[in-house]
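Here is a guided look at one protein model, written for someone new to reading structures.

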Amino acid sequence: MTTSIEDRYAAEQAQTDHDHHVPTAGAMTNHILANLHISIVKFHQVRWSVKGPLALSVRTLLNDYIATYRRQFDALGELLLDEGEIVSTTTQEFHDYNMLNESGAKKYLSAEDQVSELVHDADTHNLFIDRAIKLAENEERPALAAFLVSLRGTNNHIIRELQAVLGNDARDGLDEEDDDDDED
């Protein structure tokens, strides 16, 4: 007797739910995949709405970042499959696993605030990437860990470049926020 499509999908959802509660490197990497997907959307939003003196430089950078994140999104999905993992494939899954904030109203922010939002998004990516790297190392998945380390380097570079557009050093306004939270 063959298993129905509905039963196969229900089993996949049960496994995914379990993996997210453990968590596993695969589950954490699906958060990264969702964040990449939403970042591509947010990069487009800023690229299409940014105005003022920063507009040209920001649009140029975002063209590169969109292409980079698309390549990483595709490669990461393939790598998850290579690792025998379940890969998010629906808009709902990307919505559920995404850890970035979206709003259509953000297109009306100043150029500086839009770019700052992207900096913070890349920093948020890094939190999940760091967790996934540790999980991949613990699960002895060197190919996944190596890809994630490379992705971390890409995000660090994006942070530095966007911060430079704002006249900041790479970690300005990022690490200090953690210190401020400790004082409360």
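Helix α5 (residues 111–138) and helix α6 (residues 142–165) have axes that come within 9 Å and cross at roughly 160°. Keep in mind that this is a predicted model. Are α5 and α6 roughly parallel or roughly antiparallel to each other? An angle over 145 degrees counts as roughly antiparallel, and α5 and α6 are therefore roughly antiparallel to each other. Their crossing is left-handed. The contact of α5 with α6 is made up of 16 nonpolar, five polar and four charged residues.

Now look at the loop between α5 and α6, where you will find E140. Its phi is near 55°, a positive value in a residue other than glycine. That is worth a second look, because most residues other than glycine have a negative phi. Is E140 buried or exposed? A residue counts as exposed when its relative accessible area is over 50%; E140 has 70%, so E140 is exposed.

Helix α6 also holds L144. With a relative accessible area of 0%, L144 is buried. The C-alpha atom of L144 is separated by 9.5 Å from that of D82, although the two residues are 62 residues apart along the chain.

A second pair of helices can be read in just this way. As a reminder, two packed helices are described by the angle between their axes and the distance between the axes. For helix α2 (residues 25–49) and helix α3 (residues 55–82), the axes come within 9 Å and cross at roughly 155°. It follows that α2 and α3 are roughly antiparallel to each other. The crossing in which α2 passes α3 is left-handed. By class, 14 nonpolar, nine polar and three charged residues form the contact of α2 with α3.

The table sets out the two pairs.

How far does α2 reach from its first C-alpha to its last? The 25 residues of α2 reach 36 Å, close to the 36 Å expected at 1.5 Å a residue. After α3 comes G84, which has a positive phi, near 75°.

Helix α2 is mostly covered, with 20 of its 25 residues buried. Because its relative accessibility is 0%, T29 counts as buried. Which backbone oxygen does the side chain of T29 reach? The side chain of T29 reaches the backbone oxygen of A25, at 2.6 Å.

Finally, zoom out to the whole protein. Its secondary structure comes to seven helices and zero strands. Read along the sequence, the pattern is α-α-α-α-α-α-α. The protein has 184 residues, and 42% of them count as buried.

Key
Residues numbered from 1 in each chain as written. Predicted model: local features only at pLDDT ≥ 70, side-chain atom pairs only at ≥ 80, totals over all residues. Heavy atoms only, no water. Axes fitted to C-alpha atoms, helices over the stretch in contact; angles between N-to-C directions. Helix = DSSP H or I, 4+ residues; strand = E, 2+ residues; numbered from the N terminus. Parallel < 35°, antiparallel > 145°, perpendicular 65-115°, else oblique. Left-handed = near helix turned anticlockwise from the far one by under 90°. Nonpolar A, V, L, I, M, F, W, Y, C, P; charged D, E, K, R; others polar. Buried < 20%, exposed > 50% of the residue type's maximum accessible area, 1.4 Å probe, protein only. Polar contact = N/O pair within 3.5 Å; in protein donor to acceptor, adjacent residues only side chain to side chain. Expected span 1.5 Å × (residues − 1).
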